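Here are my notes on this model, point by point. Please read them with the coordinates open.

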Amino acid sequence: MLSMRKYLFSAGFALLIAATSISVTMVTPPAFASEIKYVVNNIPITSGDIAHRAAFLKLQRKKGDAGQEMIDQTLRTAEARRLGIRITDAQVEAAYQRFASNNKMQLKQLDGVMTQSGVTKEHFKEFIRAQMAWNQALSARYSGGGGQMSEQDLVKHMLEKGGAKPSATEYMLQQVIFVVPKAERSATLAKRKREAEAMRARFNGCATTREFAKGLIDVTVRDLPRVLAPQLPPDWAEQIKATKLGGATAVRETDRGVEFIGICSSREVSDDKAAQMVFQSESTGDKNADDLSAKYVEELKAKAKIVTR
């Protein structure tokens, strides 16, 4: 499975952001004019977009063509949309907050870095959204989303591994959703999050969840189908794997409201399905993710209509 973390932020960039926050407040942010410079499949890219990306590259201390980066990002975002991939505002905000938290910064500090450097938090958030979507597009294409390993391939991999089938962890999960209608999000999200945190703190296995949910308004409890570790949703996979049996993941904001996932049971299985998923994942992990991404973008570029203004 391709790692979202790889495509979001490098460790060096994180450290650079944290260091920049100390001195950036004395810098006057540049003002960017905005006129259309490129049109990619009828999607405009402005000089302002390019200027923000140039500032972003400077902040990362990276060399690169800001205009070309924006063209590539536009192609990647459009392809993810074509595949039905949608990254919600809540997911982007959560990633932005995690980035600040992981670098021991307050949100206002990170906002200040982005403003004063000329990147802007809006541009950075759109970068996050694009990278999250592109990671899912890459996973769909190269991690088995577009087709499963054939029986012949499975036998080949088994022989290479000495004839033994690999095992995978199979999970039974329970999803708990504190529903927040979009129209009420700004007014009730914080309250609902506190309610979800309180319920999660009492969580002690899946048998009592519905009892806890009684009396709570707009709380949905779903028993999810059995799922193998390589099939876990990318947004939840790391938290689920790190959570002990009978426990629950951290509460997260989603487009539905706020939710967490309980770990009802887990077991190691070794059958054809598990072997297929594990070998598929291992096969993808052996490939160079950067090369795969570049190849995919070049294919999109070859079919795209790109107009320079």
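1. A disulfide here is a pair of cysteine sulfur atoms within 2.5 Å. By that rule the count comes to 1 disulfide. Keep in mind that the model is predicted.

2. Which cysteines form the disulfide? They are C206 and C264, with their sulfur atoms 2.0 Å apart. The link of C206 and C264 is left-handed, with -95° about the S-S bond. The pair ties together distant parts of the chain, 58 residues apart. C206 sits in the loop between helix 9 (185–202) and helix 10 (209–213), while C264 belongs to strand 7 (residues 257–269).

3. Is each of these cysteines buried or exposed, or in between? The relative accessible area of C206 is 15%, so C206 is buried, the limit being under 20%. C264 has 29% relative accessibility, so C264 counts as partly exposed.

4. How many strands form the open sheet, and in what order? There are 3 strands, in the order 2-1-8, and the pairing is antiparallel. Strand 2 (43–46) and strand 8 (306–308) are the edge strands; each pairs on one side only. On average, neighbouring strands of this sheet are turned by 20° against each other, direction ignored.

5. Strand 1 (residues 36–40) pairs with strand 8 in the antiparallel sense, over 3 bridges. Y38 stands opposite T308 in strand 8. Helix 3 packs on the sheet, where it touches strand 1 and strand 2. The direction of helix 3 makes about 55° with that of strand 2.

6. Stay with helix 3 (residues 47–60), which holds F56. F56 has 1% relative accessibility, so F56 counts as buried. Where does F56 lie relative to G118? The two are 62 residues apart in sequence, and 7.6 Å apart in space, C-alpha to C-alpha.

7. Last, a helix pair. Helix 4 (residues 66–82) and helix 7 (residues 121–142) pack at an angle of about 50°, and their axes are 9 Å apart. The crossing of helix 4 and helix 7 is left-handed.

8. Which residues make that contact? From helix 4 come M70, Q73, R76, T77, E79 and A80. Helix 7 contributes H123, E126, F127, A130, Q131, A133 and W134.

Methods: Residues numbered from 1 in each chain as written. Predicted model: local features only at pLDDT ≥ 70, side-chain atom pairs only at ≥ 80, totals over all residues. Heavy atoms only, no water. Helix = DSSP H or I, 4+ residues; strand = E, 2+ residues; numbered from the N terminus. Buried < 20%, exposed > 50% of the residue type's maximum accessible area, 1.4 Å probe, protein only. Pairing = 2+ DSSP bridges. Axes fitted to C-alpha atoms, helices over the stretch in contact; angles between N-to-C directions. Contact = heavy atoms within 4.5 Å. Left-handed = near helix turned anticlockwise from the far one by under 90°.
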